[in-house]
Amino acid sequence: METVARKHEPATAEWIRARMAADPELLAKFESKIDRSGGARACWPWTGGLNGAYGAFWMRPKFVRASRIAAALAGLGIDGIMACHGCDNPPCCNTGPGHLFAGTALDNTRDAIAKGRMVPKGDGCPAAKTNWARHSITRCRLTTIGVNTP
């Protein structure tokens, strides 16, 4: 059974590995775009094209994030989840400790909060723009005096 990548769905690890195994030139081209000069513990930046801050590699019929391809080739279980950057360097393709890891969007958010890159939202956060408890009381008061609220 041949796996097919749909343009608007993340590429599965199986599809990535199958494409690379079937086309050694494609794998060589991908590998040539990773700068490993810093050594095994350093970030390995993607030197090819970027989509925003993330490396992008053309695997017909779509572009796939370079970090996702690197994670799939290293055997990380990325199907249905993300290739997250523990090193906080979006173009990094190193699958070693402290760099890429497979995780959910929640795992990625928790990692960002733990590192101080993201501020939690809601009533418990002093920087929150909306206090939902106070907002509900205001909405209730407006409704009782005949003002429609969304």
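**Terms and values**

Modeller: Helices (H or I, at least four residues) are DSSP runs numbered from the N terminus, as are strands (E, at least two). This is a predicted model, in which local features need pLDDT of at least 70 and side-chain atom pairs count only at pLDDT 80 or more, while totals for chains, interfaces and linings use all residues. Residues are numbered from 1 along each chain as its sequence is written, and side-chain values use heavy atoms, with hydrogens and water left out.

Colleague: What is the mean pLDDT of the protein?
Modeller: The mean is 81, and 73% of the residues reach 70 or more.

Colleague: Why are α1 and α2 called roughly perpendicular?
Modeller: Their axes, lines fitted to C-alpha atoms over the stretch in contact, with angles from 0 to 180 degrees between N-to-C directions, cross at roughly 110°. Angles under 35 degrees count as roughly parallel, over 145 as roughly antiparallel, 65 to 115 as roughly perpendicular and the rest as oblique, so α1 and α2 are roughly perpendicular.

Colleague: Which residues make the contact?
Modeller: R19, M20, A21 and A22 of α1 meet P24, L26, L27 and F30 of α2, contact meaning heavy atoms within 4.5 Å.

Colleague: What makes H85 buried rather than exposed?
Modeller: Its relative accessible area is 8%. Buried means under 20%, exposed over 50% and partly exposed in between (1.4 Å probe, protein chains only), so H85 is buried.

Key
pLDDT is the predictor's confidence in each residue, from 0 to 100.
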